[in-house]
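Dear colleague,

Please find the structure below, followed by a short account of what was found in it.

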Amino acid sequence: MRQLGPEIFLDLKFHDIPNTVAGAVSSAVGLPGVRLLDVHTLGGLEMMRAAAKARDESALPKAQRPKLLGITILTSMDNSSLRRVGISGTASGRAVKLAQLARQAGLDGVVASPHEVRAIRRACGKDFLIVVPGVRPEIGKRSGISGKRKKDDQARFATPTDAIRAGADYLVIGRPITAALDPEAAARAILEEIASALPQD
């Protein structure tokens with residue numbers, strides 16, 4: 001993958017006891033081309049601190065180390081889903097609290113739905129990375145997607161324009177491209193939408 005040019009988001013979502021996650025992060029940090037990697041914030045403060053320590057102890061120069069992100073609340077989960085697993089409050093409220101915990105632990109940023117971007121930015125600052133999945137472009141001819149939007153497992157989603165304008169640093173876009181009738185056209189349309197949403201100099 002690295003030889004093809006792009007840097008890599010190693011989205012393995014580590015979630016285990018601190019020692020195990022530290023070992024996994026140590027191994028992942030040294031893989032060629034990895035720019036971003038992640039752990040689950042629900043693993044807790046000590047687990048995230050162990051992950052951050054493993055990143056910091058890498059032999060790579062600081063500028064070359066991958067950025068370490070914390071998964072907050074999965075975009076497939078809504079308030080009802082959280083209650084079923086014993087987590088009180090709203091999905092958005094929990095995501096912001098987990099982002100603050102990730103920042104306290106020394107992580108570089110979080111993965112969160114488009115709905116939480118503005119609140120996380122206010123709570124964690126302008127330099128805290130926010131990576132946003134659950135991105136679903138408008139359906140139409142230019143998107144390369146035709147017909148009605150298929151129901152999928154995303155409960156908290158937004159368009160690329162909305163995510164960018166909310167302050168996302170990176171967008172995670174999978175099925176809108178891979179499941180499109182014309183993936184290349186879909187990718188180009190999404191890139192155009194992102195470009196139009198960025199501030200113009």
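How many bridges join strand β2 to strand β3? Strand β2 (residues 34-40) and strand β3 (residues 67-71) run parallel and are joined by 5 bridges; strands here are DSSP runs of E with at least two residues, helices are runs of H or I with at least four, and both are numbered from the N terminus. Leucine 37 stands opposite leucine 68 in β3.

This is a predicted model, in which local features need pLDDT of at least 70 and side-chain atom pairs pLDDT 80 or more, while totals for chains, interfaces and linings use all residues. Residues are numbered from 1 along each chain as its sequence is written, and side-chain values use heavy atoms, without hydrogens and water.

The open sheet has 6 strands in the order β1-β2-β3-β4-β5-β6, with parallel pairing (two strands pair if DSSP finds at least two bridges between them). Because β1 (8-14) and β6 (170-171) stand at the edges with a single partner strand each, one side of each has no neighbour in the sheet.

Helix α1 (residues 18-29) packs against helix α2 (residues 45-56) at about 30 degrees, with the axes 8 Å apart. Axes are lines fitted to C-alpha atoms, for helices over the stretch in contact, and angles run from 0 to 180 degrees between N-to-C directions. The angle therefore makes α1 roughly parallel to α2 (under 35 degrees). The contact (heavy atoms within 4.5 Å) includes Val21 and Val25 of α1 and Ala50 and Ala54 of α2. Helix α1 also lies across β1 and β2, running at about 170 degrees to β2.

Yours sincerely

Note on methods: Angles under 35 degrees count as roughly parallel, over 145 as roughly antiparallel, 65 to 115 as roughly perpendicular and the rest as oblique.
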